[in-house]
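Please look over the structure below before reading on. The briefing that follows goes through its loops, sheet, helix contacts and cores in turn.

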Amino acid sequence: MMTELDQSYVDRIIPARAAEANKNDFGRVLCVCGCAGYTGAAYFAAQGAVRMGSGVVTLATPERAWPVLAVKLNEPVVRPMPCGADGMLSREALPALLSLAEKADALLIGCGLGRSYAVAEIVVTLIENAKCQIVLDADGINALTAHKDILRQAAQPVILTPHAGEFARLSGLENPQPGELTLFARKMGCILLYKGHRTLIAAPDGRLYRNHSGNPGMAKGGSGDVLAGMLVSLCGQGLDPVDAACAAAWLHGRAGDMAANARSEYGMTPDDLLRFLPDLLKRYNTREW
């Protein structure tokens, strides 16, 4: 049985904020993202987490990408990590990343990381050692092509957010049917958010959800990074990971619909998703201020 996602479903998931709250009540999330030449992905992921309401967002990025991101980002804490001559994270970054992950309520790995043996080792090691909820996107997923069995060793079911190409490389399945996605999630013990025209979310217990928000204007580089940041934010705020995946998918698509209505499918950008998301979230205010 497939559950269809809509506004009323998401309204049941997003909690009201307590009056006596502080930043620690809304989650500390760590984004391990970016490399030299791919700073945009890290930017959109970190800002997606900020706009979705995280208390503290930390972005761990290669030191060669750090000067760009430290200037572009005001709200997140941007931490430079050791990297190689290729501008991607090196093995020397692992001790610092593991230390940061220990303090995180949720962890995003992958947006704009690039592909290398060192990156693959870092992704696998973080999955093996992190105790918090993990979201795996983009190059984080690509890093597991030869190591996908590691998903079963994670402390909590990992949330994967592949598009069709990334899932094909990981699973060998092209144009998978909903039942095949459910089988993969069950077999690997993961939560699968399969991005497409009608995004599907498959849980390891067999539950399946379909999203109906979103439009073709979102088919631009950076849109998926915003989604990944929103998702890790909701996980860090304590939502059930399947609920977080469902809410992030619908809210992301609805912000895209608002952007298309205001800016056009042709002219809208991932930055517009970040701009319209706060307007969308006003309905969850505790009252009119």
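**Two loop residues**

Ala16 is found in the loop that links α1 (7–11) and β2 (28–32). This is a predicted model. In the model Ala16 has a relative accessible area of 65%, so Ala16 counts as exposed. Val158 sits in another loop, the one between α6 (139–142) and β7, and is buried, with 0% relative accessibility.

- From Ala16 to Met218 the separation is 202 residues in sequence and 29 Å in space, C-alpha to C-alpha.
- From Val158 to Val29 the separation is 129 residues in sequence and 15 Å in space, C-alpha to C-alpha.
- Setting aside residues within four places in sequence, Val158 contacts Gln133, Ile134, Leu136, Leu151, Gly189, Cys190 and Ile191.

**The sheet as a whole**

- Ten strands form an open sheet with mixed pairing, in the order β1-β10-β9-β8-β7-β6-β5-β2-β3-β4.
- Helix α8 (residues 178–188) lies across β1, β8 (191–194), β9 (200–202) and β10 (208–211). The angle between α8 and β9 is about 35°.

**Strand β5 and its partners**

- Which way do the side chains of strand β5 (residues 106–109) point? Ala106 and Leu108 point one way, Leu107 and Ile109 point the other way, and all are buried.
- β5 pairs with β2 in the parallel sense, over four bridges. In this pairing Val32 is opposite Ile109 of β5.
- β5 and β6 also run parallel and are joined by four bridges. Here Ala106 is opposite Gln133 of β6.

- Strand β6 (residues 133–136) and strand β7 (residues 159–160) run parallel, with two bridges between them. Val135 has Ile159 of β7 as its bridge partner.
- β7 pairs with β8 over two bridges, again in the parallel sense. Leu160 is opposite Leu192 of β8.
- In β8, Ile191 and Leu193 point one way, while Leu192 and Tyr194 point the other way, and all are buried.
- In which sense do β8 and β9 pair, parallel or antiparallel? Their pairing is antiparallel and has three bridges.
- β8 and β9 make a hairpin, with five residues between them. Leu192 has Ala202 of β9 as its bridge partner.

**Helix contacts**

Two packed helices are described by the distance between their axes and the angle between those axes.

- For helix α2 (residues 39–51) and helix α9 (residues 223–236), the axes come within 7 Å and cross at roughly 35°. The crossing of α2 and α9 is right-handed.
- On the α2 side, this contact is made by Ala41, Phe44, Ala45, Gly48 and Ala49. On the α9 side, Asp225, Val226, Gly229, Met230, Val232 and Ser233 take part.
- The residues in the contact of α2 with α9 comprise seven nonpolar, three polar and one charged.
- For helix α4 (residues 94–102) and helix α5 (residues 117–129), the axes come within 11 Å and cross at roughly 35°. The crossing of α4 and α5 is right-handed.
- Leu94, Leu97, Leu98 and Ala101 of α4 meet Glu121, Ile122, Thr125, Leu126 and Asn129 of α5.
- The residues in the contact of α4 with α5 comprise six nonpolar, two polar and one charged.

**Nonpolar cores**

- The largest nonpolar core has 63 residues, and Leu108, Ile201, Leu231 and Leu251 touch the most other members.
- Which helix gives the largest share of this core? Helix α10 (residues 241–263) does, with 13 residues.
- Apart from this core lies another, of 47 residues, including Val32, Val158, Phe167 and Tyr194.
- Not counting residues up to four places away in sequence, Ile201 touches Leu5, Ile191, Leu192, Leu193, Arg207, Leu208, Tyr209, Ala245, Cys246 and Ala249.

Key:
Residues are numbered from 1 along each chain as its sequence is written. This is a predicted model: local features need pLDDT of at least 70, side-chain atom pairs count only at pLDDT 80 or more; totals for chains, interfaces and linings use all residues. Side-chain values use heavy atoms; hydrogens and water are left out. A nonpolar core is a set of buried Ala, Val, Leu, Ile, Met, Phe, Trp, Tyr and Cys residues joined through side-chain atoms within 4.5 Å. Buried means under 20% relative accessible area, exposed over 50%, partly exposed in between (1.4 Å probe, protein chains only). Contact means heavy atoms within 4.5 Å. Axes are lines fitted to C-alpha atoms, for helices over the stretch in contact, and angles run from 0 to 180 degrees between N-to-C directions. A crossing is left-handed if the near helix is turned anticlockwise from the far one by less than a right angle, and right-handed if clockwise. Ala, Val, Leu, Ile, Met, Phe, Trp, Tyr, Cys and Pro count as nonpolar, Asp, Glu, Lys and Arg as charged, and the others, Gly among them, as polar. Two strands pair if DSSP finds at least two bridges between them.
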